[in-house]
Amino acid sequence: MTSRPSPATTPSGEPQPAAVASRVLVLNSGSSSLKYQLLDMRDGGRLAVGLVERIGEQTSRLRHTCRTTGETREQNGPIADHDAALKAVAGELSRDGIGLDSPELAAIGHRVVHGGMFFTEPTVIDDSVLTEIERLIPVAPLHNPANLTGIRTARALRPDLPQVAVFDTAFHTTMPEYAARYAIDTKLADRYRVRRYGFHGTSHAYVSRAAARLLGRAPQEVNVIVLHLGNGASASAVRGGRCVDTSMGLTPLEGLVMGTRSGDLDPAVIFHLRRVGGMSMDEIDTLLNKGSGLFGLCGDNDMREIQRRIEEGDAGARLAFDIYVHRLKKYIGAYYAVLGTVDAVVFTAGVGENAAPVRAAAIEGLAALGLDVDPELNAARGDGARLISPPDARVAVAVVPTDEELEIAEQTYALVGKGV
């Protein structure tokens, strides 16, 4: 086991006070990328942020920013694998004097997409945890393998340091069985772990709490509909700080119209494409996950480009936008019914935070539910959490920037702080 550096001494020979282990390195490992942030948990400030992309290619790139100096550096050239990527990140952090060998580093927090029903909260990683994450690969084949690679690489570099898995699915494990189960044979469903798990949980957890703060109330006192709208998109119904329903299901394919995913679909479409269209299951999988959604409807999955095309009178872009908003509006209404009373509808993530036309269209016509948007407030740009509903609105409509990295860091530090 790697030992920590011995404490330094003062000029008189007295040992200096031990450094406070208050930093958390957050790692988000994708199949060919590694996102990272180093945070100081005394104030939640970022010390460094960065991204390694196109891992395994000749055109790999590492972009690193030290927030304390404002310096940004880039490395371009082949990075063979995640082990080489993390070692390169460690080198950049060391250049800034905040390396992985620092005694101020308390833990490494890892985003893990799928935790099934086994992991309902952040968990210190050991061999048994790795085994269970690996067992969940069949229900997260695109994500869990990459997450495991990042974990194993980080553990090899710092085997002495606590490493914590924070699961996208954990926040949604509070859903009641009647919301989580599909109406199929229960024995078959249990055998193959077929149920609704939900994703984007760290975002929904963070945003629902931040919305409560914006309203000046405790999370336990409010009911919130959270709309996480990025290239991937999901909605959740949060009652008193606990998720009671969410739009994504066994996989991130279910629910809202997304950038390249279809969202809700009659399952018989799959049979039809197989039997009549002669498509293989892999081809259908690729179609629904990578060739559908906004991209499948109009050839673009960037909402900014779709808006530009609409302004130019493009009928295809307009139809894609209307389908996107129609599905979104249906989920707002459904979750309003699930919750019974709603204190806030909250938009977050790339589209939710930046696309004022999406927010306006999604709320339009819902005045009978107490929902309305003030055009000037909605159009105004802002970096922080803000209300965009009229002052006298019965239900608040808000924009709350998500911060999944901070949520992962806070959950990681809270767990390590318990002495686990």
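The model is predicted; local features need pLDDT of at least 70, side-chain atom pairs count only at pLDDT 80 or more, and totals for chains, interfaces and linings use all residues. Residues are numbered from 1 along each chain as its sequence is written, and side-chain values use heavy atoms, with hydrogens and water left out.

The protein contains 15 helices and 14 strands. Both are DSSP runs numbered from the N terminus (helices: H or I, at least four residues; strands: E, at least two). Along the principal axes, the C-alpha atoms fill a box of roughly 75 × 55 × 45 Å.

Of the 420 residues, 51% are buried. Buried means under 20% relative accessible area, exposed means over 50%, and partly exposed lies in between (1.4 Å probe, protein chains only). The protein exposes about 19,400 Å². Carbon and sulfur atoms supply 53% of that area. Accessible areas come from the Shrake-Rupley method with a 1.4 Å probe; for residues, only the protein chains shown count as cover. A contact means heavy atoms within 4.5 Å. Among contacts between residues at least 6 apart in sequence, 62% join residues at least 24 apart.

Helix 11 covers residues 315-339 and has 25 residues. The expected span is 1.5 Å times one less than the number of residues. At the start of helix 11, a side-chain oxygen of Asp-314 comes within 2.9 Å of the backbone nitrogen of Gly-316. Gly-340 follows the helix, with a positive phi near 85 degrees. Buried residues of helix 11 include Ala-317, Phe-321, Tyr-324, Leu-328 and Tyr-336.

Gln-307 lies in helix 10 (residues 303-311). Gln-307 counts as buried, because its relative accessibility is 16%. Leaving aside residues up to four places away in sequence, Gln-307 touches Phe-321 and Pro-357. Phe-321 is itself one of the buried residues of helix 11.

Glu-376 sits in helix 14 (residues 375-379). Glu-376 has a relative accessible area of 68%, so this residue is exposed. Glu-376 and Ile-388 are 12 residues apart in sequence. In space, their C-alpha atoms are 8.2 Å apart.

Terms used:
A polar contact is a pair of N or O atoms within 3.5 Å; within protein, one must be able to donate a hydrogen and the other to accept it, and residues adjacent in sequence count only if both atoms are side-chain atoms.
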